[in-house]
Amino acid sequence: MRFSGSRERGRIGGLPGTEIRTTDMITLQSIITLAYYALTAGAAALLVYNFVKAKSWEREVLYLIVLLPFLLRVLHLK
Amino acid sequence: MTNTDLTRKLLLGALAIVFLSVSGKSFYDHRHLREPVVMGPGVTRVTTLSEYGPTIRGTANDANIYILEGKAPGGTVFVFGGTHAEEPAGRLAAWLLVEHATMERGRLIVALSANRSASTVTRPSAAYPATYTIPTAWGGQTFRMGDRFTNPLDQWPDPEVFIHYPSGQYLAYVDVRNLNRAFPGRPTGTLTERTTYAFMELVRREKVDVAIDLHEAELQYPVINTIVTHQKGQELATMISMTLTDLEGFNIGTEFSPLNLHGLTHREIGDHSQAVSLLFEAPEPFLDATRGRTNADVLLSGRDEFVVKAGRKGLLFAPIDEKGWPIATRVGRHTSSVAQTLETWTEFNADRPVVATNIPRYADLVKHGVGHFLRDPRLASQDRLAYE
């Protein structure tokens with residue numbers, strides 16, 4: 001596995017050909033984090049939409065309960 | 001949508017906002033709780049960790065670094081608590097050093113929140129209390145209860161396998177956020193690695209002679225009531241252990257840091273700097289898997305009937321009875337161990353002495369409790385106050 005474009009390197013288990021360049025790892029981590037938050041916000045929006053469209057109070061309560069942890073994540077609280 | 005439907009949705013929505021606000025506020029308050037530190041007369045300078053590792057500036061881990069300098073030159077000892085923020089005796093022992101110790105010779109450098117990010121979150125699904133309060137004559141001081149790992153809000157995601165840098169050793173995935181698996185770190189790594197790199201730079205640049213990492217452990221863990229030492233500190237640790245056991249009234253053993261277990265302070269600080277690295281372990285029944293209710297009382301009293309029962313069955317590596325392991329006992333073990341380290345180091349290294357006074361010792365803590373030694377921040381002048 002090889003990534004390109006950075007200064008520091010670490011090898012997986014000391015094996016040749018498995019160099020991971022640190023800043024690339026951090027960049028990938030940042031991209032995944034941003035994607036995660038985008039997905040979380042998207043899921044929250046869908047849950048709000050479903051809540052608005054729901055016909056029964058049981059469904060509405062269910063959507064709200066599921067929505068809360070998503071909102072806490074999007075707001076960077078938990 | 002009928003008016004009835006609309007009214008119901010508005011009411012349920014308002015209720016959800018109330019729940020969101022209450023829970024969100026509790027998480028926010030925990031993450032942002034400011035813990036006052038009254039700097040004692042021994043503190044001559046306060047800086048932040050980013051002075052040694054600029055890549056953590058502005059992050060949750062840019063911890064305060066307290067420097068206590070003696071009138072006469074000598075060696076340097078670095079003590080840090082809060083590597084694992086769910087082990088409060090380490091933080092509190094370091095706290096008492098900052099609030100009380102004064103140096104006659106040499107320097108003492110102290111960090112109270114080595115992984116400050118980990119002190120802003122508790123263990124998921126473990127029902128930890130968010131805070132705990134140490135009673136004092138002036139009311140009480142509240143501290144953040146933390147976790148073993150860096151807050152996922154500050155470092156995420158975890159990899160499938162954590163590959164330690166620079167050894168390449170495979171470690172558990174979650175240890176990518178464990179400060180005591182991420183030494184010696186690197187300046188461009190994860191937040192945890194950048195933090196350990198900054199600590200390594202501190203140790204190197206300040207020419208630290210001895211680095212002491214303060215911990216607590218569950219009684220079902222074999223490394224407990226002990227000093228773990230790098231091979232460079234074997235004589236020092238053995239003498240500290242013997243002296244403490246002889247003079248202070250508590251038993252503490254010595255263990256040697258495994259050569260091939262990487263990422264830990266007692267291995268990597270010794271390997272990657274001039275310093276001797278030691279790690280002190282005190283017992284914390286709160287962490288035992290067999291504990292009962294997980295609350296602040298168990299955290300501070302160290303009493304738990306289920307852990308006692310496990311002890312009767314021979315499942316523990318440290319003794320326990322109905323009296324438990326109170327926080328004062330655990331903090332006292334650490335403060336006495338630090339004080340004895342300074343004394344023994346000075347005996348062994350007369351050319352680099354580190355002499356301190358006013359460190360509360362084990363007997364003082366057991367007699368008076370931790371709260372007796374916490375200073376009232378309301379009585380301190382602003383220039384002697386810091387916040388963790």
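## Exercises on a predicted two-chain model

B:Ile327, with a relative accessibility of 8%, counts as buried, where buried means under 20% relative accessible area, exposed over 50% and partly exposed in between, with a 1.4 Å probe and protein chains only. The model is predicted, so that local features need pLDDT of at least 70 and side-chain atom pairs count only at pLDDT 80 or more, whereas totals for chains, interfaces and linings use all residues. Residues are numbered from 1 along each chain as its sequence is written, chains are lettered from A and ligands numbered from 1 in the order in which they are written, and side-chain values use heavy atoms, with hydrogens and water left out.

**Exercise 1.** Classify the ring pair of B:Trp95 and B:Phe143, and say which elements the pair links.

Solution. A pair of aromatic rings is described by the distance of the centres and the angle of the planes. The rule takes rings of Phe, Tyr and Trp (its six-membered ring) with centres within 6.5 Å, and planes under 30 degrees apart count as stacked, over 60 as edge-to-face and the rest as tilted. By this rule there are 9 aromatic pairs over all chains. In one of them, A:Tyr36 and A:Tyr37 are edge-to-face, at 5.5 Å centre to centre and 80 degrees between the planes. For B:Trp95 and B:Phe143 the centres are 4.8 Å apart and the planes stand at 85 degrees, so this pair is edge-to-face. The pair links distant parts of the chain, with B:Trp95 in helix H2 (residues 88-100) of chain B and B:Phe143 in strand E7 (residues 141-144) of chain B, 48 residues apart; both B:Trp95 and B:Phe143 are buried.

**Exercise 2.** Describe the span and the burial of helix H3 (residues 191-205) of chain B.

Solution. The expected span of a helix is 1.5 Å times one less than its number of residues. H3(B) has 15 residues and reaches 21 Å from its first C-alpha to its last, close to the 21 Å expected. As for burial, 12 of the 15 residues of H3(B) are buried, including B:Leu191, B:Phe199 and B:Val203. After H3(B) comes B:Lys207, which has a positive phi near 55 degrees.

**Exercise 3.** Find the strand partners of E4 (residues 72-80) of chain B.

Solution. Strands pair if DSSP finds at least two bridges between them. E4(B) pairs in the parallel sense with strand E5 (residues 102-111) of chain B over 6 bridges, and B:Ala72 stands opposite B:Arg105 in E5(B). Strand E10 (residues 210-217) of chain B also runs parallel to E4(B), joined by 4 bridges, with B:Val79 opposite B:Ile212 in E10(B).

**Exercise 4.** Decide where confidence in chain A is lowest and where it is highest.

Solution. Take pLDDT, the predictor's confidence in each residue from 0 to 100: chain A averages 80, and 71% of the residues score at least 70. The lowest mean, 47, falls in strand E1 (residues 9-11) of chain A, and the highest, 96, in helix H2 (residues 57-74) of chain A. Where pLDDT is low, the predicted coordinates should not be read in detail.

Key
Helix = DSSP H or I, 4+ residues; strand = E, 2+ residues; numbered from the N terminus.
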